[in-house]
Amino acid sequence: MRESIGSVFLYNIVFIFLAIIFSFLMGTLIYHRAFKINNRIISVIEKYEGYNKYAIKEIDDQLADVGYPSGWNKECPDKRKGYDLENTTAKHPEFKKNYKYCIYYIGNDGVDSKGTYYSYGVVTYISFDIPIIGAFLKIPIYTESNRIFKF
């Protein structure tokens with residue numbers, strides 16, 4: 001009765017515990033990367049006061065530097081939280097490199113009836129590089145920019 005828990009059972013508990021800890025750590029790091037990319041995209045949009053050809057070029061350059069995944073053929077949803085999708089490929093097809101992000105134009109919130117400000121919403125996706133799971137599991141991360149005022 002000295003060894004009531006066998007060593008194989010104890011090893012299984014340790015391996016399961018380590019797998020859970022490493023999956024939480026991996027999820028946290030991937031979430032941080034997607035959120036950091038959202039912040040970069042929003043800072044570029046705020047820098048150029050909108051999603052124009054200069055912002056698109058700098059966003060594509062920054063995403064290429066970071067190593068954000070490209071080659072995504074799936075279309076973004078037309079609406080998110082009631083906001084309209086910015087059609088990036090129709091506006092400036094020469095800069096679009098098929099990165100996995102979506103930009104939404106958020107008009108006046110109704111607080112100011114004159115329409116003196118607008119903002120943007122950005123959706124990036126957490127993607128996993130696991131062969132079977134990575135193809136189907138894409139978790140969206142959504143952030144909104146500060147108000148950009150029209151003068």
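Visitor: Which residues of the largest nonpolar core touch the most other members?

Guide: A word on the source comes before the answer. This is a predicted model, in which local features need pLDDT of at least 70 and side-chain atom pairs count only at pLDDT 80 or more, while totals for chains, interfaces and linings use all residues. Residues are numbered from 1 along each chain as its sequence is written, and side-chain values use heavy atoms, with hydrogens and water left out.

Guide: As a general idea, nonpolar side chains in soluble globular proteins tend to be buried together. A nonpolar core is a set of buried Ala, Val, Leu, Ile, Met, Phe, Trp, Tyr and Cys residues joined through side-chain atoms within 4.5 Å. Buried means under 20% relative accessible area, exposed over 50%, and partly exposed in between (1.4 Å probe, protein chains only). Here the largest core has 25 residues, and those touching the most other members are Ile41, Ile45, Tyr51, Ile59, Leu63, Tyr101 and Ile103. Two or more residues come to this core from each of α1, α2, β3 (101-106) and β4 (117-127). A second, separate core has five residues, including Ala34, Ile126, Phe128 and Ile141.

Visitor: In what order do the elements run from the N terminus on?

Guide: Helices (H or I, at least four residues) and strands (E, at least two) are DSSP runs, numbered from the N terminus. The protein chain has four helices and six strands, in the order α-α-β-β-α-β-β-α-β-β. Of its 151 residues, 32% count as buried.

Visitor: How does the span of helix α1 stand against the expected value?

Guide: The expected span is 1.5 Å times one less than the number of residues in the helix. Helix α1 (residues 7-47) has 41 residues and reaches 60 Å from its first C-alpha to its last, close to the expected 60 Å. Its buried residues are Ile30, Ala34, Ile37, Asn38, Ile41, Ile42, Val44 and Ile45. The cover over them includes α2, β3, β4, β5 (138-144) and β6 (148-149). Helix α2 (residues 53-66) has 14 residues and reaches 20 Å, close to the 20 Å expected. In α2 the buried residues are Ala55, Ile56, Glu58, Ile59, Asp60 and Leu63, and they pack against α1 and β3.

Visitor: Which residues form a nonpolar patch on the surface?

Guide: Patches are made of residues with over 30% relative accessible area and no salt bridge; like charges are joined within 9 Å, and nonpolar side chains (Val, Leu, Ile, Met, Phe, Trp, Tyr) within 5 Å. Accessible areas come from the Shrake-Rupley method with a 1.4 Å probe, and for residues only the protein chains shown count as cover. The patch consists of Leu10, Tyr11, Val14, Phe15, Phe17, Leu18, Ile21, Phe22, Leu25 and Leu29, with about 1000 Å² of accessible area together. One of these residues, phenylalanine 15, lies in α1 and counts as exposed because its relative accessibility is 57%.

Visitor: How many salt bridges does a search of the whole structure find?

Guide: Side chains of opposite charge can pair when their charged atoms come close. A salt bridge is a side-chain nitrogen of Lys or Arg within 4 Å of a carboxyl oxygen of Asp or Glu. The search finds two. In one, glutamate 58 meets lysine 47 at 3.3 Å, N to O. Glutamate 58 lies in α2 and lysine 47 in α1, so this pair ties together parts that are 11 residues apart in sequence. Glutamate 58 is buried at 18% relative accessibility, whereas lysine 47 is exposed at 52%. Lysine 57 also forms a salt bridge with aspartate 61, the closest N and O atoms being 3.4 Å apart. Lysine 57 and aspartate 61 are separated by about one helical turn, because they are four residues apart in α2.

Visitor: Where does a residue other than glycine take a positive phi?

Guide: Most residues other than glycine have a negative phi. Glutamate 49, with a phi near 55°, is a residue other than glycine with a positive value. Glutamate 49 lies in the loop between α1 and α2 and is exposed at 52% relative accessibility. Glycine 67, which follows α2, has a positive phi near 90°.

Note on methods. Contact = heavy atoms within 4.5 Å.
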